[in-house]
Amino acid sequence: MSDPPKRLLIVYHSQTGHTHAMAKAVLRGARRVQGVETHLKMALRAGLEDLLGAQALLLGTPENFGYMSGAMKNFLDRTYYPAQGQVNGLPYAVFISAGNDGTGALNSIERIARGYPFKPVCDPIIARGDVTTGILQQCEELGETMASGLAWGIF
Ligand SMILES: Cc1cc2nc3c(=O)[nH]c(=O)nc-3n(C[C@H](O)[C@H](O)[C@H](O)COP(=O)(O)O)c2cc1C
């Protein structure tokens, strides 16, 4: 019998569509890779089962008030304790859309991710202002890199 496909989970929140566009680009890139199932979930609809079923994780959020969005925080709040001991070292990366900064959102996610603990495996992407074609290309590359790493077992 063949092994079950590895699963990459993309959890995102978006209010005005920028992070959603980034998430879809990440998904496009990831789906170029054979042998990996990629699931795209809105943060408020994602839960423990999604997290525990994934072998790698991508988190996408706008920066709101110098922090990750409330919806992303809600996902992390709901899964943190129930996931304890079951996601140690889960490879993850972050993509952010911000008006002009993004570091507050990044720091807030990185701090909580160290608590699970997840393992950062790719540089974060921060889109400042408009989501350009260059940013979308970076997002596709991020998705493809994460899925390839998972497929080849290098994380
Ligand atoms: C309530 C609110 C708070 C925001 N706070 C920040 C902020 O602290 N720093 C920043 O750079 N941009 C901030 N922005 C701008 C958003 O991060 C930016 O418009 C982003 O592209 C929105 O992503 P979305 O289209 O996926 O919702 C804020 C936007 C809103 C609606």
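Hi everyone, and thanks for coming. Some housekeeping before the tour. The model is predicted, so local features need pLDDT of at least 70 and side-chain atom pairs count only at pLDDT 80 or more, while totals for chains, interfaces and linings use all residues. Residues are numbered from 1 along each chain as its sequence is written, and side-chain values use heavy atoms, with hydrogens and water left out.

Let's start at the ligand. Which residues are closest to the ligand? They are Ser14, Thr16, Thr19, Glu63 and Ser97, out of 16 residues that surround the ligand; a residue is near if one of its heavy atoms lies within 4 Å. By type, that shell divides into three nonpolar, eleven polar and two charged residues. Here Ala, Val, Leu, Ile, Met, Phe, Trp, Tyr, Cys and Pro count as nonpolar, Asp, Glu, Lys and Arg as charged, and the others, Gly among them, as polar.

The backbone takes part too. A backbone N or O atom of glycine 17 sits 3.0 Å from a ligand oxygen atom. On the nitrogen side, a polar backbone atom of phenylalanine 65 is 2.8 Å from a ligand nitrogen atom, and a backbone N or O atom of glycine 99 lies 3.0 Å from a nitrogen atom of the ligand. Taken alone, the ligand exposes 640 Å², and the protein buries 75% of that; these areas come from the Shrake-Rupley method with a 1.4 Å probe.

Helix H1 (18–30), strand E3 (56–64) and strand E5 (90–98) each give two or more residues to the shell, and E3 gives the most, with three. The elements are DSSP runs numbered from the N terminus: helices are H or I of at least four residues, strands E of at least two.

Is serine 97 buried or exposed? Serine 97, in strand E5, counts as buried because its relative accessibility is 6%; buried means under 20%, exposed over 50%, and partly exposed in between, with a 1.4 Å probe and protein chains only. Leaving out residues up to four places away in sequence, serine 97 touches His18, Thr19, Met22, Thr61, Pro62, Glu63, Ala127 and Val131, where contact means heavy atoms within 4.5 Å.

Phenylalanine 65, in the loop between E3 and strand E4 (67–68), is exposed because its relative accessibility is 88%. Its phi is near 55 degrees, a positive value in a residue other than glycine. Glycine 99 is found in the loop between E5 and H4 and is exposed, with a relative accessible area of 64%. Beyond its neighbours within four places in sequence, glycine 99 contacts Arg128 and Gly129.

The largest nonpolar core has 27 residues, and Val11, Leu51, Leu57, Met72, Phe75 and Phe118 have the most contacts inside it. Such a core is a set of buried Ala, Val, Leu, Ile, Met, Phe, Trp, Tyr and Cys residues joined through side-chain atoms within 4.5 Å. Apart from it lies another core, of 24 residues, among them Ala23, Ala25, Leu58 and Ala93. Leucine 51 is in contact with residues including Leu9, Leu57, Phe75, Tyr116 and Phe118, leaving aside its neighbours within four places in sequence.

One last stop: a cis peptide bond joins tyrosine 116 and proline 117, with omega about -5 degrees. Proline 117 is in the loop between H4 and strand E6 (118–120). Thanks, all!

How values were computed: Polar contact = N/O pair within 3.5 Å; in protein donor to acceptor, adjacent residues only side chain to side chain.
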